[in-house]
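Hi,

Here is the structure I promised to pass on.

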Amino acid sequence: MGKLYAVEIVYRGIFQKKLATNISRAIVLAAHLDGKPGISFGRYGDSPERNGIPAKNFAIVATDEQTLQEGMAKYEPKEVDITISVDDTLCKGVESWAWYGLQPINKLTKPGGTLIVTSMEPAEKLIEMAHNRETPYNLAIVKGSRSFSGLWVYKDDHTDVRVLGAIAKVMPELVSLDAMKKTILQEWKDPVKVASAEKSYNRVTKALVQPGQGNPETPYQFELPKWHEMGEGVAIPCIPVGKTVEDPVTHVLGGIRPDRNPTFKKFSTRTMRPVVNFETCIKCTLCWLQCPDTCFDVTPEGLYDANMEACCGCGVCEAVCPVDKCVTMVAETEFADNGSQWETWRKDSTGYLQWLNQKIESRPERSHGFRFKGQYQEQVGEMLQIAQES
Ligand code: SF4
Ligand code: SF4
């Protein structure tokens with residue numbers, strides 16, 4: 001039997017669908033040029049995709065046809081040589097919507113394999129975010145911000161070819177730089193993209209992650225019912241209304257914390273989360289009314305506390321809040337836990353405000369490309385500059 005290589009591309013559904021497809025398809029085309037057969041495909045359970053919910057593409061390559069066929073005789077790879085995360089906030093973990101709990105980003109990465117991340121963050125910060133494990137792996141960083149597009153637009157900011165250049169560097173036995181460059185020219189007909197891939201090949205940074213390094217938490221899991229435990233027909237259990245909220249200082253009860261889906265949490269479904277200034281909130285109720293995921297807890301004094309079990313990071317609350325900087329979306333890379341902001345503020349309002357201002361200042365822009373007219377074009381320029389310089 002020959003050798004089989006597997007690559008997974010972990011991405012944000014819809015926003016990065018085209019980006020992930022471009023990467024997995026080009027890996028296989030380049031491997032063909034090197035004389036290796038392969039196949040690229042999306043994970044069955046991710047379809048239809050939802051905005052921002054983590055999804056996966058795979059590229060499987062072998063040294064011969066028979067090995068490829070044997071390797072494909074399974075639903076999806078159990079381990080991969082390279083994991084690619086095209087959004088660094090996914091280093092915190094991956095919850096797909098068809099679903100089995102929180103998976104560490106490096107769960108499928110083979111011992112000694114490589115996790116490639118597109119990020120502006122230093123290696124230490126990304127290593128801290130990813131769950132620790134018992135075997136070593138490599139972290140490779142392609143410098144760049146999160147490249148998001150929409151359902152109908154693709155932001156052609158060279159992230160795809162820059163990742164491809166990095167793959168040729170970290171695993172030349174999978175695909176050579178020469179084949180990658182030829183494929184990029186054939187597919188995109190743009191020599192500037194070939195140059196971007198080659199720059200990335202030369203500049204990708206690598207760090208060895210030792211056993212035990214990283215986030216020590218046990219990833220959230222739940223038990224799915226077995227087939228013989230299921231009743232006849234379909235029963236969809238209701239979610240109870242919820243309970244009152246207790247003030248952590250005065251112990252006054254009031255407001256409401258709606259009960260939430262007991263299994264589907266949304267810890268890794270967001271790239272950004274809202275931070276709330278409870279001192280400037282005018283209790284207008286707009287965030288609470290407009291939140292598509294009912295994720296605001298109403299506190300005893302009538303404030304609104306975004307619950308991180310339920311928030312998908314859509315940014316609607318920031319958009320509808322009428323008070324300047326009362327709700328601000330901040331990148332997930334800035335947070336180490338999912339605790340209640342309101343409880344923290346009640347216990348130490350001065351400390352909370354300092355924390356809030358520091359978060360707002362550090363706020364990197366989400367690279368969406370469709371929030372206002374012209375943003376798409378603006379962001380392509382920024383990304384190309386990063387591609388040139390880093
Ligand atoms: S970002 Fe705001 S509106 Fe969107 S789900 Fe989270 S709390 Fe709700
Ligand atoms: S929209 Fe802003 S001002 Fe209105 S209740 Fe929500 S946080 Fe307060």
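The shell around ligand 2 splits into 10 nonpolar, 1 polar and 1 charged residues (Ala, Val, Leu, Ile, Met, Phe, Trp, Tyr, Cys and Pro count as nonpolar, Asp, Glu, Lys and Arg as charged, and the others, Gly among them, as polar). Those neighbours are C281, I282, K283, C284, T285, C287, Y304, C321, P322, V323, C326 and V327, each with a heavy atom within 4 Å of the ligand.

Before you go further: this is a predicted model, where local features need pLDDT of at least 70 and side-chain atom pairs count only at pLDDT 80 or more, while totals for chains, interfaces and linings use all residues. Residues are numbered from 1 along each chain as its sequence is written, chains are lettered from A and ligands numbered from 1 in the order in which they are written, and side-chain values use heavy atoms, with hydrogens and water left out.

On to the cavities (on a 1 Å grid over the protein atoms alone, sets of points where a 1.4 Å probe fits but cannot get out; lining residues have an atom within 4 Å of a point). The whole structure has 2 of them of 30 Å³ or more, volume being the space filled by probe spheres set on the points, which are joined across faces, edges and corners.

The largest cavity holds about 120 Å³. Among its 15 lining residues, C281, C287, C321, C326 and V327 are the closest to its centre. This is the space taken by ligand 2 (more than half of its atoms lie within 2 Å of the grid points).

The second largest cavity comes to about 80 Å³. Of its 14 lining residues, C291, C295, C311, C314 and C317 are the closest to the centre, and the lining counts 11 nonpolar, 2 polar and 1 charged.

Cheers

Notes
1 Å grid on protein atoms, 1.4 Å probe; cavity = no way out; pocket = protein on both sides within 12 Å on 5 of 7 lines; lining within 4 Å.
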